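Biologist: Hi! Could you walk me through this model in simple words?

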Amino acid sequence: MAFLQSMLGDGSGEISSKRTVTFLAFLMCCIAFISNLFWGITMDMTIYQSMMYIVIGGLGFTVTEAFASKK
């Protein structure tokens, strides 16, 4: 639990909604990939790509937060 809190939290220890949404979208992409790989369950490509774009955008915002100058 502490690992998940530290992963989703910002510098002050508060859970970030951006990181939470990004992590959930990443989990959904993983579930869709695994379900397609093992059980042949397909997902509409536009839904999968939109979830992937949410993950990419969320990671980009998180990285820019980390490298931005703190005043």
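Modeller: Happy to, so let's chat about the helices and a few residues.
Modeller: This is a predicted model: local features need pLDDT of at least 70, side-chain atom pairs count only at pLDDT 80 or more, and totals for chains, interfaces and linings use all residues. Residues are numbered from 1 along each chain as its sequence is written, and side-chain values use heavy atoms, with hydrogens and water left out.

Biologist: How many residues does helix H2 have?
Modeller: Helix H2 covers residues 17–39, which is 23 residues. Helices here are DSSP runs of H or I with at least four residues, numbered from the N terminus. From its first C-alpha to its last, H2 reaches 32 Å, close to the 33 Å expected at 1.5 Å a residue. That expected span is 1.5 Å times one less than the number of residues.

Biologist: Which residues of H2 are buried?
Modeller: They are Arg19, Thr22, Ala25, Cys29, Ala32 and Ser35. Buried means under 20% relative accessible area, exposed means over 50%, and partly exposed is in between (1.4 Å probe, protein chains only).

Biologist: And what do the buried residues of H2 pack against?
Modeller: Their partners are helix H1 (2–8) and helix H3 (45–67). Contact here means heavy atoms within 4.5 Å.

Biologist: Let's pick Arg19. What is Arg19 in contact with?
Modeller: Leaving aside neighbours within four places in sequence, Arg19 is in contact with Met7, Leu8, Gly9, Asp10, Thr62 and Glu65. The side chain of Arg19 also reaches the backbone oxygen of Gly9 at 2.4 Å. Arg19 and Thr64 are 45 residues apart in sequence and 13 Å apart in space, C-alpha to C-alpha.

Biologist: Where is Ser16 found?
Modeller: Ser16 sits in the loop between H1 and H2. At the start of H2, a side-chain oxygen of Ser16 reaches to within 3.4 Å of the backbone nitrogen of Lys18. Setting aside neighbours within four places in sequence, Ser16 is in contact with Leu8 and Gly9.

Biologist: Why does Ser16 count as buried?
Modeller: Because its relative accessibility is 11%, Ser16 counts as buried.

Biologist: What comes just after H2?
Modeller: There, Gly40 takes a positive phi of about 75°. Ile41 is also in the loop between H2 and H3.

Biologist: Which residues make the nonpolar surface patch?
Modeller: Phe33, Ile34, Leu37, Phe38, Trp39 and Ile41 make it, with an area of about 710 Å².

Biologist: On to H3. Which residues of H3 are buried?
Modeller: Met51, Val55, Gly58 and Thr62 are buried in H3, and H2 is included in what covers them. H3 has 23 residues and reaches 33 Å from its first C-alpha to its last, close to the 33 Å expected at 1.5 Å a residue.

Biologist: Last one: is Thr46 buried or exposed?
Modeller: Thr46, in helix H3, counts as exposed because its relative accessibility is 52%. The side chain of Thr46 makes a polar contact with the side chain of Asp44 (2.7 Å). A polar contact is a pair of N or O atoms within 3.5 Å; within protein, one must be able to donate a hydrogen and the other to accept it, and residues adjacent in sequence count only if both atoms are side-chain atoms.

Definitions and conventions. Helix = DSSP H or I, 4+ residues; strand = E, 2+ residues; numbered from the N terminus. Patch = residues over 30% accessible without salt bridge, like charges linked within 9 Å, V, L, I, M, F, W, Y side chains within 5 Å. Areas by Shrake-Rupley, 256 points an atom, 1.4 Å probe, with all protein chains shown as cover. Salt bridge = Lys/Arg side-chain N within 4 Å of Asp/Glu carboxyl O.
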